[in-house]
Amino acid sequence: MIEDKNPQRTSLEELGEFGLIEHLTKNFDIKHSSTLTGIGDDAAVLDHKSKQIVVTTDLLIENVHFDLSYVPIKHLGYKAVVVNLSDVYAMNADATQITVSIAVSNRFPLEALEALYAGIETAAKLYNVDVVGGDTTSSTTGLIISVTAIGEVNEAEVVLRSGAKVNDLLVVSGDIGAAYMGLQVLEREKEVFKVNPQNQPDLDSYTYIIERQLKPEARKDIVELLKKLDVKPTSMIDISDGLSSEVIHLCKQSDVGVEIYENKIPLDPQVISTCEEFNIDSTTIALNGGEDYELLMTISQEDFPKIKGNPNLTVIGYITEKNRGMHLITRGEQAIPIIAKGWNALENQA
């Protein structure tokens with residue numbers, strides 16, 4: 001909400017499309033032997049030999065998925081990469097390459113795109129992926145970012161949504177609900193700022209939840225941890241659209257039911273206190289908030305001793321027969337049907 005009133009602005013027309021691509025991608029280095037040819041040819045050439053390849057893509061659209069009034073554009077570049085890598089890790093795969101395409105209106109100078117690509121570069125280095133291509137074009141509706149992520153996995157290690165079995169344990173990494181509450185704080189402060197632009201928000205009490213919204217992390221570390229523990233999930237999905245939606249995806253794909261225990265859902269203290277401030281039920285936020293990018297998985301009960309007591313993993317329920325349905329068991333021991341109320345990408349956002 002604080003901006004330089006006289007920033008340097010270099011028109012994109014000065015570079016042209018190919019000059020812009022060359023300028024923005026000059027710092028990307030090749031790190032994987034599977035990347036034979038990256039940016040600079042008609043297409044990237046990849047060689048993954050005997051590995052199975054996973055491919056995923058996501059669109060981020062201004063004023064639908066992000067609001068540049070409070071999202072730093074460098075953070076946006078970072079997040080655009082992370083949300084795609086999260087899908088690769090949810091397959092128990094190793095992310096190796098990404099492509100990045102953008103559509104941009106003439107209100108964005110070169111300096112803004114340099115910041116965007118600085119965030120992309122930071123994520124690529126941190127997660128050890130090669131940027132191997134993409135596209136740029138003009139837009140009449142603001143900024144649009146499309147990232148495609150490519151990964152590799154041995155055939156025996158791939159994990160799908162469809163492998164959950166009755167009596168498997170339902171496990172989640174990290175904590176959930178923080179990203180949504182961070183968004184609520186940012187939206188509230190935006191409205192205050194619109195009324196009084198001189199007001200500078202005090203966000204010290206919300207640092208964790210705001211970071212979870214603006215700069216999420218993909219749980220590559222959880223995939224590595226599971227391998228070290230010799231635990232292969234029977235099914236897995238990342239939590240991008242809300243816990244309830246993702247649980248339903250797993251159950252439908254695996255043809256099973258589930259029971260989740262409300263008192264087992266991991267919540268950060270900052271989430272709980274902010275929910276109280278906003279007078280919102282924290283369990284509702286955990287179930288329906290979305291954008292946590294944690295991993296939700298099922299594991300065999302035989303593997304429970306391997307994860308027991310691990311601070312990165314929490315057992316929140318177990319898989320049941322399909323005819324028992326999908327339920328949340330409340331603290332009062334009531335069984336409430338689980339309904340998907342998370343993010344709907346096709347819902348009218350106007």
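Analyst: Buried residues make up 49% of the 350 residues in this chain, which is a predicted model. The chain has ten helices and 13 strands. Of the contacts between residues at least 6 apart in sequence, 87% join residues at least 24 apart.

User: Why is Thr-298 called buried?

Analyst: The relative accessibility of Thr-298 is 0%. Buried means under 20%, so Thr-298 counts as buried. This residue lies in strand β10, which covers residues 295-299.

User: What makes the link between the side chains of Thr-298 and Ser-235 a polar contact?

Analyst: A polar contact requires a pair of N or O atoms within 3.5 Å, one able to donate a hydrogen and the other to accept it. The contact between the side chains of Thr-298 and Ser-235 is at 2.5 Å, and the side chain of Thr-234 makes another with Thr-298 at 2.6 Å. Beyond its neighbours within four places in sequence, Thr-298 also touches other residues, including Ala-164, Asp-168, Leu-170 and Ile-319.

User: Why is Asp-241 described as partly exposed?

Analyst: Asp-241 has a relative accessible area of 23%. Partly exposed covers the range between the buried limit of 20% and the exposed limit of 50%, so Asp-241 is partly exposed. Asp-241 is found in the loop between β8 and α7. Its C-alpha atom is 8.9 Å from that of Tyr-293, although the two residues are 52 apart along the chain.

User: How do you know whether Asn-92 is buried or exposed?

Analyst: Asn-92 has a relative accessible area of 6%. The limit for buried is under 20%, and Asn-92 is therefore buried. Asn-92 sits in the loop between α2 and β4. The side chain of Asn-92 reaches the backbone oxygen of Glu-157 at 2.8 Å.

User: Which residues of helix α6 are buried, and what covers them?

Analyst: In α6, residues 220-228, the buried residues are Lys-220, Ile-222, Val-223, Leu-225 and Leu-226. Their cover includes α2, β4, β7, β10 and β11. Just after α6, Asp-230 takes a positive phi of about 60°.

User: Why are α4 and α8 called oblique to each other?

Analyst: The axes of α4 and α8 come within 10 Å and cross at roughly 45°. Roughly parallel requires under 35 degrees, and roughly perpendicular begins at 65; the pair is therefore oblique. The crossing of α4 and α8 is left-handed. Ala-178, Met-181, Gln-184, Val-185 and Arg-188 in α4 meet Val-271, Thr-274, Cys-275, Glu-277 and Phe-278 in α8. By class, this contact has six nonpolar, two polar and two charged residues.

User: What makes α5 roughly perpendicular to α8?

Analyst: Helix α5 packs against α8 at an angle of about 100°, with the axes 8 Å apart. Angles of 65 to 115 degrees count as roughly perpendicular, so α5 is roughly perpendicular to α8. Here Thr-207, Tyr-208 and Ile-209 in α5 meet Gln-270, Val-271 and Thr-274 in α8. The contact of α5 with α8 has three nonpolar, three polar and no charged residues.

Terms used
Residues are numbered from 1 along each chain as its sequence is written. This is a predicted model: local features need pLDDT of at least 70, side-chain atom pairs count only at pLDDT 80 or more; totals for chains, interfaces and linings use all residues. Side-chain values use heavy atoms; hydrogens and water are left out. Helices (H or I, at least four residues) and strands (E, at least two) are DSSP runs, numbered from the N terminus. Buried means under 20% relative accessible area, exposed over 50%, partly exposed in between (1.4 Å probe, protein chains only). Contact means heavy atoms within 4.5 Å. Axes are lines fitted to C-alpha atoms, for helices over the stretch in contact, and angles run from 0 to 180 degrees between N-to-C directions. Angles under 35 degrees count as roughly parallel, over 145 as roughly antiparallel, 65 to 115 as roughly perpendicular and the rest as oblique. A crossing is left-handed if the near helix is turned anticlockwise from the far one by less than a right angle, and right-handed if clockwise. Ala, Val, Leu, Ile, Met, Phe, Trp, Tyr, Cys and Pro count as nonpolar, Asp, Glu, Lys and Arg as charged, and the others, Gly among them, as polar.
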